[in-house]
Each structure stands twice: as C-alpha cells, then as structure tokens.
Amino acid sequence: MNQEWDSVVNAKKKNIWPDLKEVWNFRDLVFLFVKRDFVSIYKQTLLGPIWLFIQPLTTTFIYVFIFGNLANLGTDGLPKPLFYLTGIVSWTFFSEVFTKSSGIFLANSHIFTKVYFPRLIIIISVFFSSLIRMGIQLLLLISLMIYFILNQDFHFNLTWHLLFLPIIVFLIALIGIGLGMIVSSLTIKYRDLNNLIQFGVQLLMYATPVVYSMASMPSKYKKFILYNPLAPLIEGIRFCSFGAGELSFSGLLFSLTFGVIIFLTGLLAFKISESDFIDNI
Amino acid sequence: MSIAIKIENLSKLYKLGSVNSGSLSMDLQRWYTTKILKNEDPYLKLGEENDRKIKSNSGIVYSLRDINLEIEQGSSLAIIGRNGAGKSTLLKVLSRITSPTTGSIKVKGRIASLLEVGTGFHPDLTGRENIFINGAILGMRKHEIQRNLDEIISFSGVEKYIDTPVKRYSSGMYVRLAFSVAAHLESEILIVDEVLAVGDFDFQKKCLEKMNQIQKLDGRTVIFVSHNVISLKALCSKAILLEKGNIVSEGNIDLVINNYLGTKDSEKNYNKVKIENSNFDFLFIGAKNEDKNFQDPIERVKPILLEIEYNNKSNLEDVYFNIKFKDEEGRFFLLTHSIGSPKLISLGKGRAQMRIPKGFFNDGIYSFDIWVQHKGNTVQTLAKIESALTLKILPEQRDLGAWMGKEQGYIWHNLEWRKIVD
C-alpha cells in the first residue's frame with residue numbers, strides 16, 4: 001500500500017533543517033505566545049506597560065550622569081539623553097533576544113516534556129516579543145527627539161540611511177538568536193552556563209559602543225572593539241537615525257557574515273538537541 | 001482500511017549509569033584530568049560502587065525494543081502494561097516529545113497528545129485566553145478553536161468564571177476546562193494518557209462519552225493508556241500489551257487484558273500446597289470461573305468454583321471446612337463452612353468443591369483462611385492454612401455512561417424482593 005504520510009520520524013534520517021511548513025502550521029501559536037508574554041507580565045501591576053518606559057528612562061538618567069557628566073565621554077555631538085537612550089533601546093533588544101532564547105529549554109521544560117510543537121515557535125515568539133517591546137520603546141525615543149527638536153537646538157535630518165535600520169535590527173536579532181540557540185543547547189547539560197549569561201551580557205555591553213562612541217575611543221582599544229560584531233551594528237543604528245558617528249560597510253559585512261554563520265550553527269545545535277533533550281535534562 | 005500510524009522496528013535506548021556531572025566546570029575539570037593529565041576519571045570513582053551491578057551488562061536499557069505496529073484509521077487502541085513496561089516512552093516517542101534510537105514512525109494526520117491536561121495554562125490569564133493558548137499548543141488553528149469555543153466553554157461547565165484568571169479556579173474547575181479543550185481537538189489522532197481519571201463522577205462520565213463519540217462517530221483514531229481496565233474495555237476494541245519494552249500480546253481487547261491479568265505470577269488462582277500436618281494435608285487449592293481454567297482471570301459475574309484437594313490422614317469422617325474470607329488488609333468479612341454437607345470430606349485423598357453464585361462478591365482482591373475442624377464434644381482443629389490463596393475478582397463489562405470506578409464493599413449480591421400487598 002502506498003500512502004502519503006504527513007509526518008515521518010526516522011531514527012536514521014534525522015532532519016537537520018527545520019520543517020518550515022510545520023512551523024507555518026503553528027503560526028497562530030506564535031501570536032498567542034507573544035500575546036501571553038505581554039498580558040501576563042502586566043496583569044496585576046500598578047503601572048502596566050509604563051514599565052516599558054521606566055526602565056530605559058532611569059538607565060538613561062544614570063548613564064547621562066555617570067558616563068556623560070562624570071566620565072565626560074563624547075556623544076558624537078548628540079544630546080546625551082538621546083545618545084544613551086538609542087544605545088540602551090538597541091542593547092536591550094539584543095540582550096532580551098539573547099537571554100530569552102538561551103534559556104528556552106529550561107524555562108519551557110514543563111511544556112516540552114508534555115507536548116510536541118516545533119520548538120522554534122518559541123524562538124520566533126521571543127523575537128517578535130522583543131521586537132514589539134523595542135517598537136514601543138522607540139515611541140519614547142521619538143518623543144525625546146521631538147522634545148530636543150522643539151526645545152533645544154537640535155536638527156534632525158531625514159536621510160535614506162533610515163532604510164538601513166530594519167536591516168541592522170534584523171542583524172542584531174540574528175546574532176542574538178544564533179548565540180542564544182547555541183547556549184540553549186549547552187544549558188541542557190550545563191545549567192551553570194545560565195549564571196554566566198547574566199553577567200556575560202553586562203560585560204559584553206561594555207565591549208560594545210553603547211555608553212561611548214567609536215569616535216571617542218583611543219585607536220589602540222578601537223581595533224579590539226572592531227572584533228565585536230555587535231559594535232558596527234549599535235554604532236550603525238545611531239548613524240542611520242541621526243547621522244552621528246560612523247558606519248563602516250566593511251564592519252556591517254563582518255557582522256552579517258558572523259550573524260549568518262552563528263545563526264546557522266545555532267539552528268543546527270538547536271535542532272540536534274531538541275529531538276531528545278528531555279532525556280538529558 | 002488505511003493505516004493512521006505505522007511503527008517499524010522502533011527501539012529506544014536509555015543509558016544507565018552514564019556519568020554526567022551536570023555542570024560545565026566539573027566537566028572541564030574532568031576533561032583536563034583525563035585528557036591532559038592522563039589521569040583516571042575522578043567521577044568514575046564516585047559511581048563505581050553503585051555501578052557494580054550494572055557494569056556486568058552493558059549499562060544500556062531498552063525502554064522499547066523492536067516495536068512493530070500498525071494502527072488503523074478510526075480504530076481505538078489501548079496500551080496496557082505494568083509500570084516501567086515502556087508505555088510512557090512509547091507515547092512520548094509517538095507524540096514526538098523524544099526521538100527513537102532506531103526505527104521509524106509514519107503518521108497520517110495530525111497527532112494531539114494529552115499526556116497531561118492544561119499544558120501551557122498560565123495562571124494569570126483568564127479561562128478564555130488559556131483555551132486559545134492550550135488549544136494552539138496542542139496543534140489547533142485559531143479559527144478551529146474559535147469555532148468550538150462555545151462548545152468548549154459549555155462542556156467545561158465553568159461559563160461563569162470564563163473571564164476570571166485560572167489561578168482563582170478550584171482544581172476541579174481547572175481540570176474541567178483543560179479537559180474540555182482537549183476533548184474538542186480536531187486532530188485526526190488523539191493520544192490520551194490516564195487523564196480520564198479526573199474530575200468528579202459526572203464529569204468523568206461526560207469525558208468518556210465524549211471520547212467514545214470522537215472515536216465512533218467522528219471516526220478518529222484514539223490511543224489510550226490507562227490502568228482502569230473497565231474504562232479501557234468500554235472504549236477500545238484492540239489493545240497491545242507491553243512488557244519490558246516488547247509487545248507481548250496484541251489483538252482483541254478482552255484477550256489482551258486477560259493476558260495482562262494472567263501474567264501476574266503472584267496472583268495466580270491456584271496454589272499447590274503441602275501442609276506439614278499429622279492429620280490432614282492440603283494438596284491443591286484453586287479458584288476459577290465455572291466454565292474456565294485455573295489460569296484464567298476470575299470475573300465476578302460468573303459463578304466461582306473453589307476447589308480443595310486434600311489427603312485426610314485422620315480417621316475422622318465428619319470433618320468440615322471452615323473458610324474465612326478477608327480483604328487485602330486482612331479484615332475478615334465472611335464466614336462459611338461445610339457443616340451442611342456432612343459427607344463432603346472422605347478418608348484419604350479427595351477433592352471438594354465450593355460454588356460461589358454469580359455476582360456474589362464485589363470485584364476486589366481477597367484472601368481466605370481455611371480451617372479443617374471436627375466437632376465432637378469440643379471443636380478440634382485438624383489443620384489450618386492462612387491466606388491460602390489470593391483471589392483477584394474482576395469487575396464486569398460496563399457500558400459507557402456507567403460508573404467506571406470501584407463500588408465499595410465486599411459483597412455485591414442480588415437478593416430477593418417482592419411487593420407486599422395488604
């Protein structure tokens with residue numbers, strides 16, 4: 001009898017690449033997970049979604065005070081709050097995508113041990129949740145910008161560079177998710193990696209031009225920072241939005257190459273470990 | 001009839017005693033000592049003492065071994081087996097939660113597996129929101145959930161609280177809601193693991209009826225795992241029996257259940273005994289249904305025969321049996337003796353039989369003591385045997401909609417009634 005099977009599990013022929021058709025069939029779940037993320041976090045809170053603004057605003061104030069006023073680091077001629085807020089919003093996006101996807105197996109093991117759906121769904125919904133959160137924080141950034149245009153002597157030029165922004169954001173996500181998936185596969189066996197992640201992200205931030213600009217870096221340190229594939233991206237975000245700082249295409253190309261390689265590696269590691277992670281956890 | 005699931009040469013291996021330190025620093029240390037310093041593995045020493053038993057064999061356990069199975073579309077299959085027989089592993093491999101070591105599974109249609117009710121429920125979300133998330137996790141599209149939403153809510157019986165966060169629910173309400181999502185899945189294949197044992201009687205009855213409808217009316221394939229033999233009999237037509245990861249019996253549900261119940265050595269229905277007694281020997285004690293053998297399981301709805309083979313070495317002829325039934329915990333509840341049949345026990349070897357009318361005992365596990373007594377001026381006990389046999393009496397087949405649990409009490413017998421007309 002010759003039949004068409006809808007799904008085949010074969011121990012010998014394991015699929016290395018994710019079944020995109022299957023992921024597509026579960027697309028509603030992505031939406032529901034994203035919705036659950038938002039609704040569950042802000043239910044029974046006093047200020048609700050306003051928390052999304054409080055965190056970057058306070059951090060911006062602190063950075064303005066410490067790095068801007070005390071350390072007197074250059075901000076590429078941008079108003080200090082605008083400079084730091086841009087960095088913080090972009091970095092928060094990266095760190096959220098990265099830490100959430102790296103903890104994916106441990107955080108969802110109660111679901112994963114009971115029911116099957118493409119595990120990539122969670123990764124995808126992490127991406128969208130973080131993207132939406134960044135989108136909301138972008139509103140804050142835009143209002144701050146309008147404030148500076150109206151009250152201070154700040155000129156904003158709309159340039160075609162703005163079109164690069166989505167690409168850069170996408171590259172940040174690519175690196176974050178790629179690294180996250182690699183780590184998530186490792187955390188199945190090594191739980192202590194999770195502790196490393198928490199402060200590793202903090203350290204990484206200081207190796208990325210978030211609180212300083214590339215231009216203000218002495219050249220002997222600069223070459224090290226250029227090895228950081230996130231550096232051209234964060235710098236690029238500020239360049240594309242405000243024309244501040246520098247955008248090197250070679251840097252972007254480096255980030256792109258790194259991003260693609262790390263993402264594919266992550267996808268592979270993720271796919272290998274998802275099939276029997278419940279036996280190892 | 002087309003095949004819904006085809007399993008070929010499926011095996012699943014688990015490594016026993018594989019030393020996994022569980023932390024990166026320990027593994028690095030281990031790698032350093034073994035590979036760089038070429039020393040002995042420090043963690044093997046820890047495991048050694050406990051591992052001695054396992055080390056004698058390969059340290060690998062087959063949780064499933066060479067399973068070949070075809071499940072027809074629209075059929076209902078029960079998976080039976082004792083704890084550790086591989087039932088859960090089979091379900092997990094079938095529902096793709098874990099992958100097989102060898103072999104393949106081919107599936108036609110969507111599989112929804114209910115290894116747990118309410119997977120993915122978030123306490124802060126309302127009942128309605130959770131219906132959508134849970135349904136989507138189980139593989140339903142949003143419009144399918146939307147289409148069934150009213151039915152899901154009314155089936156669960158928690159309409160009043162549907163917009164309340166589920167953390168405010170009682171555990172019964174929670175389970176009801178979770179189950180009704182599961183009951184309205186539109187997948188072609190449904191795998192159900194022991195989750196029917198939820199809720200109160202009314203809800204349980206509703207669930208079983210729903211399951212039956214899914215299979216019989218909608219023509220979907222259902223796979224059940226349960227320890228409740230009664231509900232399995234009512235729901236399934238076929239069964240497989242797993243033992244140590246192998247399918248040892250396959251086919252008609254009654255047959256497989258009988259095999260399952262028959263395999264328990266400790267609960268065989270006969271006992272070849274030899275009592276060291278100067279006056280009276282027991283040679284054989286056994287129980288069976290009237291038309292069955294001693295190896296078969298005993299059902300409560302058929303007459304039960306109790307047979308005793310003896311050697312009466314005393315020269316007394318008017319001896320009688322005194323039998324005291326007790327429950328699993330040793331509480332006596334029934335006394336019967338053979339005084340009414342004076343010539344029952346002869347001198348020398350002989351056999352005696354006691355007939356328990358059909359539908360006398362409730363289903364359950366019982367035991368009994370046998371006393372052999374002689375009544376002269378005083379009562380003299382020639383021999384006695386305690387807990388001569390473990391009697392496992394099975395319940396009758398029940399129809400759906402009936403109570404699937406166990407009735408209380410030891411005796412469940414129809415007595416005579418008549419109308420009194422003044």
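Which domains does the domain assignment of chain B give? The domain assignment gives domain 1 (64–262) and domain 2 (265–394). This is a predicted model, in which local features need pLDDT of at least 70 and side-chain atom pairs count only at pLDDT 80 or more, while totals for chains, interfaces and linings use all residues. Residues are numbered from 1 along each chain as its sequence is written, and chains are lettered from A and ligands numbered from 1 in the order in which they are written.

**View 1. The two domains of chain B.** The C-alpha centres of domain 1 and domain 2 of chain B are 43 Å apart. The bounds come from an automatic or database domain assignment.

**View 2. The side of chain A that touches chain B.** In this view, 31 residues of chain A are in contact with 40 residues of chain B (contact: C-beta atoms, placed from the backbone, within 7 Å). Strand S1 (7–10), helix H2 (27–42) and helix H13 (277–280) of chain A each give two or more residues to this side (helices, H or I, of at least four residues and strands, E, of at least two are DSSP runs, numbered from the N terminus). H2(A) gives the most, with six residues. By class, this side of chain A has 14 nonpolar, seven polar and ten charged residues (Ala, Val, Leu, Ile, Met, Phe, Trp, Tyr, Cys and Pro count as nonpolar, Asp, Glu, Lys and Arg as charged, and the others, Gly among them, as polar).

**View 3. Strand pairing between the chains.** S1(A) and strand S4 (residues 102–107) of chain B run antiparallel and are joined by four bridges (strands pair if DSSP finds at least two bridges between them). A:Val8 has B:Lys106 in S4(B) as its bridge partner.

**View 4. The largest nonpolar core.** This core has 129 residues, and those with the most contacts inside it include A:Ile172, B:Ile79 and B:Phe224 (core: buried Ala, Val, Leu, Ile, Met, Phe, Trp, Tyr and Cys residues joined through C-beta atoms within 7 Å). Helix H8 (residues 164–187) of chain A gives the most to this core, with twelve residues. Apart from it lies another core, of 23 residues, among them B:Leu306 and B:Ile370.

**View 5. Surroundings of B:Phe224.** B:Phe224 is in strand S7 (residues 221–225) of chain B. This residue counts as buried because it has 24 C-beta neighbours inside 10 Å (buried: 20 or more other C-beta atoms within 10 Å; exposed: 12 or fewer; partly exposed: in between). Leaving aside neighbours within four places in sequence, B:Phe224 is in contact with B:Ser76, B:Ala78, B:Val192, B:Leu232, B:Leu235 and B:Cys236. B:Leu91 is 133 residues from B:Phe224 in sequence and 9.5 Å from it in space, C-alpha to C-alpha.

How values were computed. Contact = placed C-beta atoms within 7 Å.
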